[in-house]
Amino acid sequence: MHYLRKIKDRSARHVMLGIAVFAVLFLLVIAISLFIKALPIMREKSIWVLLTSGSWRPFKGDFGFLPFILSTLHVSLLAILIALPLSLLTSIYLHTYASRNTRSFFQPFIDVLSGIPSVIYGVWGTLTIVPLIANKIAPNFVEFSSGYSVLAGGMVLAVMILPLLISILLEVFRSIPQEMTDASMQLGATKWQTVKKVVLRKSFPGILAAVVLSVSRAFGETIAVLMVCGNITEIPHSLFDACYPLPALIANNYGEMLSMPSYESALMLAAFLLFIIIVLFNALSRVILVQIEKRYSL
Amino acid sequence: MKDIDMETWQDKKVKDALQPVTSAVSIRIKQLNVYIRDQHILKDIDLILPEKSIICIIGPSGCGKSTFLKALNRMHDETPEVKITGNIFVDGEDIYSNHVNVIDIRKKMGLLSQRPCPLPMSIFDNVAYGPRIHGLTRRKVLNQTVIQYLQYVGLWEEVRGRIRTPATRLSIGQQQRLCLARGLAVEPEFILGDEATSALDPISTKKIEELFLNLKEKYTIILVTHTLRQAKRIADHVVFMYMGKIIESGPTDEFFNNPRKQLTKDYLSGSFS
């Protein structure tokens with residue numbers, strides 16, 4: 001009996017380890033297969049040229065990825081710049097100020113918001129945000145904008161990552177010990193002082209983690225961004241210029257690539273670059289996180 | 001309710017008035033009732049606490065000791081389920097009347113909790129936290145204040161080289177003294193202790209107790225404690241609570257040597273705890 005229990009325990013352990021390893025392997029397999037598929041184009045041209053050239057003419061054999069990389073970064077960073085303050089204030093309100101009833105009133109809305117398919121956000125962006133930018137916002141700053149722009153992409157993405165950010169931030173705030181906020185209140189601090197000086201400080205690593213997760217999500221978001229960004233292969237110089245992020249490039253051209261081997265390889269490189277950007281971004285933030293936790297003993 | 005006629009209600013209603021040994025009354029509690037949801041936690045508490053002395057509140061777990069302390073610094077305000085009736089007069093003013101600012105009350109009541117809870121910042125910033133939120137910005141004054149209170153709790157010599165390092169790196173006994181210094185730095189009139197030494201080792205406990213004995217020259221100290229021996233060692237007055245009621249209260253010697261109520265005798269002899 002005793003022996004059987006031990007065997008069960010041990011085999012359960014090994015099975016679960018196997019599944020965990022499988023998840024890691026999966027990541028590696030994707031990375032390697034993308035890399036292999038992208039190899040031909042990297043043999044043809046130097047990686048430096050591919051990364052820094054701005055000209056994209058597949059039929060002449062020009063594959064410059066700079067506009068796509070910059071578009072991806074611009075749109076995602078703009079999204080987080082818009083979404084972070086909004087989600088911070090929302091979650092601070094819900095966590096610190098709102099009564100239990102208010103909180104449970106808001107919760108389902110946030111959940112539903114994160115469950116809406118991205119194509120619906122795309123349609124909403126095309127019908128609402130794009131005309132808004134073209135007719136109301138852009139004329140104040142530039143001569144002409146179609147509305148399909150970095151700004152449109154950033155705004156739509158911001159709305160899309162908002163619920164994700166809010167749920168993670170709420171979870172982060174919830175993990176702060178009650179005694180700590182009580183300690184601040186008992187010294188006579190107001191709620192706002194407690195939030196500013198204790199809650200935000202204590203939850204800084206968590207906030208950073210939330211940002212990383214949602215930016216990673218923004219990097220990869222395809223369809224909604226594709227619908228509002230304009231998809232023009234140029235390096236965007238202002239918020240009102242059209243842009244063409246990496247995921248949109250892949251999705252738009254996947255059908256035609258079969259006819260040209262170097263084109264196929266270039267698109268695979270685009271996928272590989274997106275993969276690398278996300279991995280690098282995650283690794284970098286992990287390093288920063290460790291440094292901060294070490295320095296401030298949070 | 002502010003200018004209540006002290007004489008009359010003291011005679012008629014307050015059965016548990018602690019007779020001041022030397023000086024004046026500092027806190028008067030009148031018909032205090034606390035409900036948490038449907039539960040009646042504190043029942044008809046009438047109590048007068050003399051100033052500049054140590055008052056220990058004893059009683060078995062769940063008798064309402066901590067709820068009582070929280071009523072004193074209005075921390076129940078933060079939990080909407082709690083309902084409070086009755087009055088607590090501090091310096092003659094009812095802290096539950098409408099025009100009273102809760103922040104002023106909390107400033108008057110320095111609370112030391114069961115487990116020390118340093119804020120996520122440096123040792124210096126922990127002590128400077130209170131003065132800063134109450135508007136002190138001058139660096140020189142801040143420095144002086146911090147050093148003064150760290151010296152007062154006997155921590156300055158131990159931490160002087162690492163005052164900018166995170167407070168969480170201190171030992172738990174040091175953390176509790178830091179929390180005391182942090183509480184004193186807002187210049188309270190009262191010190192509330194919620195089993196403030198129960199998480200500490202004997203030596204740290206002794207240090208904190210000695211601090212309390214020094215502090216009663218200037219402050220009124222109200223301690224909730226689990227250990228009868230601690231009450232015996234440091235209290236001037238003892239209040240015994242059971243099931244949300246005050247059973248008996250009196251000067252320490254009298255309380256321990258000649259308890260009047262049977263329940264008190266049983267508790268002191270260890271029949272229940």
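Reader: How many residues of chain B are in contact with chain A, and how many residues of chain A take part?

Author: As a general idea, the size of an interface is often given as the accessible area lost when the parts come together. In this structure, which is a predicted model, the description rests on contacts instead, and 23 residues of chain B are in contact with 19 residues of chain A. On the side of chain B that touches chain A, α3 (102-108) and α4 (123-133) of chain B each supply at least two residues, and by class that side has twelve nonpolar, five polar and six charged residues.

Reader: What is the strand order of the open sheet in chain B, and which strands are at its edges?

Author: Strands of a sheet pair through backbone hydrogen bonds, either parallel or antiparallel. Here the open sheet has six strands in the order β6-β7-β8-β3-β9-β10 (chain B), and the pairing is mixed. The edge strands, each pairing on one side only, are β6 (109-112) and β10 (245-251) of chain B, while the twist averages 15° from one strand to the next.

Reader: In which sense do β3 and β9 of chain B pair?

Author: Strand β3 (residues 54-58) of chain B pairs with strand β9 (residues 237-242) of chain B in the parallel sense, over four bridges, and I57(B) stands opposite V239(B) in β9(B).

Reader: What does the secondary structure of chain B come to as a whole?

Author: Chain B has eleven helices and ten strands. Its radius of gyration is 19 Å, close to the 19 Å that the globule rule gives for 273 residues, so chain B is as compact as a globular protein of that length.

Terms used. Residues numbered from 1 in each chain as written. Chains lettered and ligands numbered in written order. Predicted model: local features only at pLDDT ≥ 70, side-chain atom pairs only at ≥ 80, totals over all residues. Rg over C-alpha atoms; globule rule 2.2 N^0.38 Å. Contact = placed C-beta atoms within 7 Å. Nonpolar A, V, L, I, M, F, W, Y, C, P; charged D, E, K, R; others polar. Pairing = 2+ DSSP bridges. Axes fitted to C-alpha atoms, helices over the stretch in contact; angles between N-to-C directions.
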